[in-house]
Amino acid sequence: MNHEISFEYQEGMSFAGDVNGHSVTIDADEDFGGSNKGPRPKPLVLVALIGCTSMDVVSLLKKMRVDFKDLKVTADGRLTEEHPKYYDKIHLTYHLWGEDLDHAKVEKAVKYSQERYCGVTAMLEKAADITYTIEYHS
């Protein structure tokens, strides 16, 4: 399977494209000639990572019959100082809400996502040290 995506130049530093039938605009901030019409490309890499692992974890928890109320995943990415700047360290925090959550199953779901299923993790871990923590909330 191949994914083909194209973006068209708009103005300044703004580009618009279509991703799976959804319009996406990327832009730079004003300091770099942009108009702040959309997110920057590098943070979208973190969005892809969060999206991939979140979907894995939800799917696995449902299969394991873990009753959770909510899941929120945050990412903290550290960029290198030298060009080309890239994320060399990424830390994910999985926040789960629910009563009497089975911690062993949650940890297994997150571990499976990170080590087996998430293709975005597999790509990014070639350049970045990816770590994670799990926080439980009632």
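Predicted model: local features only at pLDDT ≥ 70, side-chain atom pairs only at ≥ 80, totals over all residues.
Okay, ground rules. Local features here need pLDDT of at least 70, side-chain atom pairs count only at pLDDT 80 or more, and totals for chains, interfaces and linings use all residues. Residues are numbered from 1 along each chain as its sequence is written, and side-chain values use heavy atoms, with hydrogens and water left out.

Let's start with the sheet. It's an open one, 3 strands in the order β4-β5-β6, with mixed pairing. The edges belong to β4 (70-79) and β6 (129-137): each has a single partner strand, so one side of each has no neighbour in the sheet. On average, neighbouring strands are turned by 15° against each other, direction ignored. Helices and strands are DSSP runs numbered from the N terminus, with helices being H or I of at least four residues and strands E of at least two. Two strands pair if DSSP finds at least two bridges between them. For angles, the axes are lines fitted to C-alpha atoms, for helices over the stretch in contact, and values run from 0 to 180 degrees between N-to-C directions.

Now zoom in on β4 and β5, residues 87-97: they pair antiparallel over 10 bridges. Val73 sits opposite Tyr94 of β5. Helix α1, residues 41-63, touches β4 and β5, and its direction makes about 40° with that of β5. Helix α2, residues 103-117, touches β5 and β6, at about 155° to the direction of β6.

Next, the rings. Rings of Phe, Tyr and Trp (its six-membered ring) pair if their centres lie within 6.5 Å; planes under 30 degrees apart are stacked, over 60 edge-to-face, the rest tilted. That gives 3 aromatic pairs. Among them, Tyr94 and Tyr132 have centres 6.0 Å apart and planes at 85°, so they're edge-to-face. Tyr94 is in β5 and Tyr132 in β6, so this pair ties together parts 38 residues apart in sequence.

So which of the two is buried? Buried means under 20% relative accessible area, exposed over 50%, partly exposed in between (1.4 Å probe, protein chains only). Tyr94 is buried at 0%, while Tyr132 is partly exposed at 31%.

Tyr112 and Tyr117 make another edge-to-face pair, 6.3 Å between centres and 65° between planes. Tyr112 is partly exposed at 26%, as is Tyr117 at 44%.

Terms used: Contact = heavy atoms within 4.5 Å.
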